[in-house]
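Please keep the structure open while reading.

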Amino acid sequence: MTKAMAALRRCTAGGLAAAALATAFTTLLAGCATQSQQAGAREVSTPSDDSDVRRRARIRLELASSYFEEGKNEIALDELKQVIAIDPTFPEAYNLRGLVYMRLGDMTVAEDSFRRALAINPRDGDTLNNYGWLQCQQARYPEAERSFQQALVSPVYQGRSRTYLAMGVCQVRAGQFDAAEHSLARSYELDAANPVTGYKLARVLYLKGDFQRAQFYIRRLNNSDLANAESLWLGIKVENRMHDAQAMGQLSETLRKRYPQSRERTSLDRKAFDE
């Protein structure tokens with residue numbers, strides 16, 4: 001795996017340990033540009049298969065990927081312009097450009113970028129996942145569902161847990177709680193250590209009124225080092241529904257001590273359990 005590919009995978013794999021769930025999950029759902037399979041080919045294309053032109057373009061993509069990971073969006077775009085000038089048939093470049101423009105809030109250019117990437121490689125699971133998340137953000141739920149499903153059928157796609165998570169979150173937005181539970185449970189099966197998945201699954205179960213199962217998932221998260229104000233507050237609401245005063249009190253104390261200025265602390269003080 002090249003430096004660029006490794007860096008971009010880190011933005012969805014290891015970036016959650018120190019980040020708050022509320023701000024981290026969008027990056028996770030959007031995914032990263034990863035090394036693609038040529039449409040219809042049996043083997044994954046690797047850097048050793050590259051032509052001289054593609055090799056030069058990939059070096060620039062590594063730089064663009066690093067800048068993207070550091071949040072230096074304009075510099076990443078400058079590098080991507082050079083990548084595309086060197087090799088305008090490089091799908092990963094368009095995929096990454098789409099992610100940068102999504103971060104900048106320019107959905108028109110982001111969509112154009114994903115479409116260009118898919119025109120070159122229609123089967124790339126990472127681009128399909130990212131395009132599906134863009135469509136979800138625009139409330140284009142049936143289109144998003146199709147994009148996610150297309151990503152999942154790729155036999156070499158390695159981001160299935162991320163796509164099931166994105167699809168589940170999108171289904172919640174669409175009010176499809178049963179479908180969301182199925183998608184999030186599948187994501188949890190594939191990556192039980194992901195705190196975002198655990199939180200989202202517990203939340204959809206809470207919204208469905210399945211408090212006992214919600215309790216299982218949110219307790220597991222809140223008993224880990226990855227608990228935050230949002231997960232603690234959900235845990236408090238679940239324990240309130242389960243009439244477990246002791247557990248509720250312990251979580252409340254933790255929330256007040258660790259996050260005294262949080263919105264969740266304010267909601268707790270107001271006893272706004274049903275908001």
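Contact, as the word is used here, means heavy atoms within 4.5 Å. The model is predicted, and the points below should be read with that in mind.

**Helix 3 and helix 4**

- The axes of helix 3 (residues 52–69) and helix 4 (residues 73–86) come within 8 Å of each other and cross at roughly 170°, which makes helix 3 roughly antiparallel to helix 4, since angles over 145 degrees are counted in that way.
- On the side of helix 3, the residues that meet helix 4 are Val53, Arg56, Ala57, Arg60, Leu61, Leu63, Ala64, Tyr67 and Phe68.
- Helix 4 contributes Asn73, Ile75, Ala76, Glu79, Leu80, Gln82, Val83 and Ile86 to this contact.
- Sorted by class, the contact of helix 3 with helix 4 has 12 nonpolar, 2 polar and 3 charged residues.

**Positive phi at Ala139**

- Ala139, which lies in the loop between helix 7 (125–137) and helix 8 (141–152), has a phi near 60°, a positive value in a residue other than glycine.
- Ala139 counts as partly exposed because its relative accessibility is 45%, and the partly exposed class lies between the 20% limit for buried and the 50% limit for exposed.

**Positive phi at Lys271**

- Lys271 is placed in the segment after helix 15 (263–269), and its phi, near 55°, is likewise a positive value in a residue other than glycine.
- With a relative accessible area of 62%, Lys271 is exposed, as the cut-off for that class is over 50%.

Key
Residues numbered from 1 in each chain as written. Predicted model: local features only at pLDDT ≥ 70, side-chain atom pairs only at ≥ 80, totals over all residues. Heavy atoms only, no water. Axes fitted to C-alpha atoms, helices over the stretch in contact; angles between N-to-C directions. Helix = DSSP H or I, 4+ residues; strand = E, 2+ residues; numbered from the N terminus. Parallel < 35°, antiparallel > 145°, perpendicular 65-115°, else oblique. Nonpolar A, V, L, I, M, F, W, Y, C, P; charged D, E, K, R; others polar. Buried < 20%, exposed > 50% of the residue type's maximum accessible area, 1.4 Å probe, protein only.
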